[in-house]
Each structure stands twice: as structure tokens, then as C-alpha cells.
Amino acid sequence: MKIILAGPPGSGKGTQAEILSQKLDYAHFSTGNVFRDHLARKTSIGIKANDYMKEGKLVPDDVTLQITKDFVTTNTRKGIIFDGFPRTIGQAQGLDKILTELNDKIDCVIFIELSDDEIIRRLTARRTCERCGTIYNLDFNPPKQNNICDKCGGKLLQRADDTEAVIRNRLVVYENQTKELKNYYKNSGKMHVIDAIIGRDKVQAHILKIISPQ
Ligand code: AP5
Ligand code: MG
């Protein structure tokens with residue numbers, strides 16, 4: 001099964017994708033994580049992507065579609081959770097083309113939504129493990145030990161794009177470039193919307209209910 005988790009920054013796409021991919025043994029494909037990994041390794045993709053990410057802008061579609069094609073065509077897991085991809089109509093069309101060539105398709109598109117105020121509250125309190133990528137929140141699920149990952153003992157970091165100014169840019173970009181994806185998927189019969197103000201576990205239960213009949 002191929003599942004898209006879409007939604008504004010900080011709505012919980014990564015949190016939900018992480019739990020769901022472990023539960024279902026699916027691959028978790030986060031374009032944001034892939035770009036951050038490239039940047040950490042100082043590849044040309046990472047250096048190029050960072051010019052956009054540090055300002056909260058979208059990385060150009062050709063770069064994003066290339067990393068997606070590389071991932072999808074080499075994936076060996078029975079399912080993929082797309083986290084934060086696609087974010088433009090061009091990316092959605094590109095993904096459909098990649099999957100069609102593999103005789104495959106998207107099964108489910110879930111928009112996880114949240115108000116701007118709550119997004120800013122959650123993102124300024126987010127910390128991520130530099131080693132294993134586990135996501136924490138200082139308000140809602142803090143680590144047991146200050147700045148140390150419960151799972152692997154790695155150091156917890158604040159993302160460079162989680163300053164209030166960059167978060168506000170990311171919200172504008174979402175409004176202007178990504179929200180229109182709802183029109184792309186709305187007649188497909190595959191689109192669902194969840195308000196993420198409910199807690200993490202309730203959002204997870206809702207997602208499981210959506211995907212379980214398929
Ligand atoms: P990316 O890394 O994907 O960032 P994003 O979309 O802005 O989303 P976030 O990762 O910030 O939030 P999230 O929804 O995953 O929330 P999380 O689960 O962490 O992209 C970064 C950048 O890369 C983009 O700006 C762009 O430049 C580039 N990029 C990426 N993909 C691209 C693409 N397809 N095309 C072009 N450019 C691309 O949760 C947030 C916090 O809330 C956490 O602290 C968490 O613990 C907490 N939380 C989660 N759920 C709940 C809950 N239910 N209740 C309470 N707290 C919760
Ligand atoms: Mg994320």
C-alpha cells in the first residue's frame with residue numbers, strides 16, 4: 001500500500017509516519033529527512049536543497065522528484081508512507097507517473113491539519129534525535145533525560161528551520177503551493193482530512209481506521 005501523509009509544517013506527519021511505518025513494516029519516505037541527510041553528508045543535492053530549506057521555501061520539483069524516483073524504484077518493502085511529499089501539483093503528477101510505470105498507484109491520501117498558533121507552539125518545542133531521528137516535544141512528550149534520546153542515547157537537536165520566522169515562511173509556502181493539492185486528490189475517493197489537535201495516539205487510531213478496510 002502507498003500512503004501519502006500531507007499537511008502543514010508541524011502537523012505531525014513525521015510523528016505519525018514513524019509510528020505507522022514501524023507498525024506496518026512499511027518504508028518511511030520523508031523528503032525533508034532525505035534532504036537533511038544529504039546536507040549532513042555535504043552532497044551537491046544537500047547543499048542545493050539547503051539554500052531553499054533554510055528560508056522555508058520548496059526545493060525545486062526536479063530535484064525532489066529525482067530522489068523520489070530513486071527511492072521508489074529501489075524500495076523492497078511491501079508499502080511506502082510518503083511524508084511531506086508531494087507538495088506541488090507537479091510533484092503529485094510526477095509521483096503518479098513514477099508509480100504508473102511500476103504498475104502501481106497511491107491508495108490513500110491523508111491531510112493532517114492544525115491551526116497556525118498550535119503549529120508554532122509545537123515546532124518551537126520540537127527536538128529531534130541527531131542519531132535515530134526520533135521526534136520529541138518538550139511540552140507533550142519530553143525525553144526522560146534532558147536532551148538525550150530515550151531510544152538510542154543520541155543528542156537531541158532543534159531543527160535549523162524551526163525558528164518562528166522560518167516557520168511563518170513555511171506556513172505561507174504551504175498555503176500558496178501545497179494546499180491546492182487537495183483539489184488534485186479530492187475527486188479520487190482516496191482523500192481524508194484529520195484535525196491533529198487531538199493527541200498523537202488518537203490521530204494514529206484515526207489513520208489506522210482509514211487504511212484498515214483496504
Ligand atoms: P519537512 O522536514 O518535511 O518539514 P515540514 O513539512 O515543514 O514538516 P515538519 O517535519 O516540520 O513537521 P511534521 O508534520 O513532520 O511534524 P512532527 O511530526 O515533527 O521539510 C523541511 C523542508 O524541506 C521544507 O520546508 C522544504 O524546504 C524541504 N522539502 C521537504 N519536502 C519537500 C518537497 N516534497 N518538495 C520541496 N521541498 C521539500 O511534529 C511536530 C511537533 O509536534 C513534534 O514536536 C511532535 O512531537 C509534536 N506532535 C506531533 N503530533 C502531535 C499531537 N497529536 N499532539 C501534540 N503534539 C504533537
Ligand atoms: Mg517531519
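This is a predicted model: local features need pLDDT of at least 70, side-chain atom pairs count only at pLDDT 80 or more; totals for chains, interfaces and linings use all residues.
A polar contact here is a pair of N or O atoms within 3.5 Å.

**Around ligand 1**

Let's start with R87. One of its polar side-chain atoms sits 2.5 Å from an oxygen atom of ligand 1, which means the pair falls within the 3.5 Å cut-off for a polar contact.

| Residue | Atom of the residue | Atom of ligand 1 | Distance |
|---|---|---|---|
| R87 | polar side-chain atom | oxygen | 2.5 Å |
| G84 | polar backbone atom | nitrogen | 3.1 Å |
| R122 | N or O atom in the side chain | nitrogen | 3.2 Å |

How much of ligand 1 does the protein cover? On its own, ligand 1 has 1,000 Å² of accessible area, and the protein covers 97% of that. Helices α1, α2 (residues 31-40) and α6 (116-124), along with strand β6, are the elements that give two or more residues to the shell around the ligand. Which of the elements gives the most to that shell? That's α2, with 4 residues.

There are 36 residues around ligand 1, and the ones that come nearest are T15, K57, R87, R126 and R170. So R87 turns up again, because it is on that list and also makes the 2.5 Å pair, inside the 3.5 Å limit.

**A closer look at helix α1**

Helix α1, one of the elements in that shell, runs over residues 13-24. From its first C-alpha to its last, this 12-residue helix reaches 16 Å, close to the 16 Å you'd expect at 1.5 Å a residue.

Which residues of α1 are buried? They are K13, G14, Q16, A17, E18, L20 and S21. Here's a handy rule for reading such a list: an α-helix has 3.6 residues a turn, so residues three or four places apart point the same way. The cover over the buried residues of α1 includes the strands β1 (2-6), β2 (27-30), β3 (80-83), β4 (108-113) and β6 (135-137), plus helix α9 (200-211).

F82 belongs to strand β3. Is F82 buried or exposed? It's buried, because its relative accessible area is 0%, and the limit for buried is under 20%. Setting aside neighbours within four places in sequence, F82 is in contact with K2, I3, I4, L5, F29, T68, V72, L95 and I106. Compare F82 with P8: they are 74 residues apart in sequence and, C-alpha to C-alpha, 14 Å apart in space.

Further along, the peptide bond from F85 to P86 is cis, and its omega is near 0°. P86 itself lies in the loop between β3 and α5 (89-101).

**Two loop residues with positive phi**

K42 has a phi near 55°, a positive value in a residue other than glycine. You'll find K42 in the loop between α2 and α3 (44-53), where K42 is exposed at 66% relative accessible area.

N103 isn't a glycine either, yet its phi is positive, about 60°. N103 sits in the loop between α5 and β4. Why does N103 count as exposed? Because its relative accessibility is 75%, and exposed means over 50%.

Definitions and conventions. Residues are numbered from 1 along each chain as its sequence is written. Chains are lettered from A and ligands numbered from 1 in the order in which they are written. Side-chain values use heavy atoms; hydrogens and water are left out. The expected span of a helix is 1.5 Å times one less than its number of residues. Buried means under 20% relative accessible area, exposed over 50%, partly exposed in between (1.4 Å probe, protein chains only). Contact means heavy atoms within 4.5 Å. A residue is near a molecule or strand if one of its heavy atoms lies within 4 Å of it. A polar contact is a pair of N or O atoms within 3.5 Å; within protein, one must be able to donate a hydrogen and the other to accept it, and residues adjacent in sequence count only if both atoms are side-chain atoms. Accessible areas come from the Shrake-Rupley method with a 1.4 Å probe; for residues, only the protein chains shown count as cover.
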